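Dear colleague,

Please find the structure below, followed by a short account of what was found in it.

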Amino acid sequence: MIALLLVVLISTPMIALAEPVSDSRTPQAQPIRTAPLTIEEVLARIELTHPLLQATGAERMKARAKVLKALGAWEPTLKNITEVERYETWNLTTSPFLPKIQTGGFNDTKLDVGHPWGFRIQGGIRNGMGDRINQNFIAIIPDLQLFYPQQQLILGGSFQLLRGLIINEENAELQQAELAGPLAEVKVAQKRQDLYLAGAVQYWDWQVAVKQAEVVKQALAVAEARYQQIEGQAKAGKVSPLDVVEIGQEVQRRREAAIAAQRKVEYEQYKLSLFLWENGEPVTPRPEWAPEFQGETPLPTEDEIAAYKVEAKEDRPEVRALYIEAKMNNIDLKLAKNYLLPKFDFEGGRTDAPADWIVGVGYRYATQFAMPLFQREGRGKVLYAEAEQQRLVLSQVYTEQQVSIDVDNWLSAIVRARDRVRAAREAYRLAKELEAGERKRFEMGISSILFVNLREQNAVEAAFELYQAQYDYDLARGGLLLARGALSKPVGDAVLAKYGDPLTAAGKNGSKKSGRD
């Protein structure tokens with residue numbers, strides 16, 4: 001009868017030690033949930049709703065803003081300029097028919113357009129004005145006339161022929177701004193990888209805490225049932241009162257352990273809630289949502305391991321970020337080498353001085369040549385860019401080897417954790433056999449309550465070790481996904497659709513939509 005009672009207590013679900021702590025942030029529909037919380041759902045909810053992933057998506061908008069800002073250097077600009085000058089002619093050769101005080105001016109409407117290769121052009125219309133516009137032999141320039149003599153077509157431009165040709169500071173800024181888009185994707189992938197990893201680890205922390213708490217509560221229920229039994233036997237004079245004291249002490253010890261285990265569950269569930277968001281609020285998971293640990297999975301083959309290493313070197317955000325930094329530095333290096341060339345610029349076009357225009361000086365041309373004798377600034381820029389290039393090459397070599405070794409390291413962790421699970425499972429089985437045998441010996445009167453308590457405590461510790469080994473096994477499998485770079489990729493749309501709208505996922509925040517910014 002006693003054995004039957006103990007079996008029933010062990011096989012039935014345990015009641016909570018105390019009333020669960022209420023959480024106003026948990027939606028009303030959540031307590032009636034019966035489906036277990038899976039790691040797939042945790043990752044999907046991170047992708048769909050996590051605020052930090054959504055905040056990192058703003059890097060995409062910043063990247064497009066950098067491109068727009070860089071393109072502003074060659075923004076087509078419509079200019080309208082009106083200039084009027086009043087001047088006096090008084091030299092001895094001045095015709096007596098000309099007044100000494102004269103007024104001249106113009107109104108220009110032109111379009112100024114630049115090009116990343118280092119040249120600019122202007123084109124438009126000039127309308128003359130002033131008190132000399134009717135004196136055609138002086139005031140009118142006879143070429144490029146439009147609809148009347150005082151209206152002309154104006155053309156001009158400037159060119160950087162050596163330093164600044166094709167590669168210049170504005171063009172370099174544009175090229176680097178265009179790389180800001182891929183770099184923003186790397187930042188989003190890095191944040192996703194960090195959140196996926198942190199969320200998965202926290203999920204397993206919560207899962208193992210719940211399972212270990214269940215073991216402690218079961219042990220407490222067994223001790224409480226035995227206490228009532230022995231207390232009745234002591235009143236009937238069948239056992240010593242010291243046995244009642246000893247089992248009472250064991251009950252209090254297990255109750256204290258159960259309270260601590262319950263606190264651990266609550267601590268882990270609140271931490272996990274920061275990865276489960278719904279309607280802008282974190283959702284606190286309940287202990288009954290915790291599933292059992294999964295079983296073993298086949299180990300990857302040698303070919304799969306080799307493919308994982310190649311995948312890691314291509315997909316890990318750490319490696320991708322170095323590739324983009326190297327491209328940016330190559331742009332700086334090209335710009336620095338271009339800076340070693342002499343400066344030789346050319347510009348020409350209509351004059352912008354009304355007095356010059358009115359007397360017939362219609363065009364101006366200019367060239368500018370400059371070359372530092374020692375090229376210290378240019379050589380310094382080149383040296384700095386080359387040093388940065390060398391640093392990036394070495395960092396890239398190290399990081400590629402690091403991610404490759406990560407694959408081997410986590411594969412080793414999977415193998416060892418699997419072996420530990422097998423050993424811990426066998427140890428737990430043997431501990432349960434010893435526990436059952438010791439109970440039987442106690443019922444036969446050839447053992448004491450002390451040994452029964454020790455056997456039960458040993459079984460609890462063996463269960464703890466088994467859960468910890470299963471935790472380490474799942475953690476190692478997640479670590480292999482991290483090493484491959486799989487955690488930097490979003491969960492598939494088919495999975496996201498189970499828990500929300502993939503089109504409005506937090507991981508897609510800031511992605512460019514149709515149309516213009």
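Where is the place of Leu341? Leu341 lies in the loop between α9 (317-338) and β7 (343-350); helices (H or I, at least four residues) and strands (E, at least two) are DSSP runs, numbered from the N terminus. This is a predicted model, in which local features need pLDDT of at least 70 and side-chain atom pairs count only at pLDDT 80 or more, while totals for chains, interfaces and linings use all residues. Residues are numbered from 1 along each chain as its sequence is written, and side-chain values use heavy atoms, with hydrogens and water left out.

Leu341 is partly exposed, its relative accessible area being 35% (buried means under 20%, exposed over 50%, partly exposed in between; 1.4 Å probe, protein chains only).

Turning to the strands, β2 (residues 101-115) and β3 (residues 119-130) are antiparallel partners over 12 bridges; two strands pair if DSSP finds at least two bridges between them. Within this pairing, Lys110 stands opposite Gly124 of β3. Three residues separate β2 from β3 in a hairpin, and Gly118 in the turn has a positive phi of about 105 degrees. β3 also runs antiparallel to β4 (residues 151-160), to which nine bridges join it. There, Ile125 has Leu153 in β4 as its bridge partner.

Finally, helix α11 covers residues 376-444. Its 69 residues should span 102 Å at 1.5 Å a residue, and the end C-alpha atoms are 98 Å apart, which agrees (the expected span is 1.5 Å times one less than the number of residues). Gly445 follows α11 and has a positive phi, near 85 degrees.

Yours sincerely
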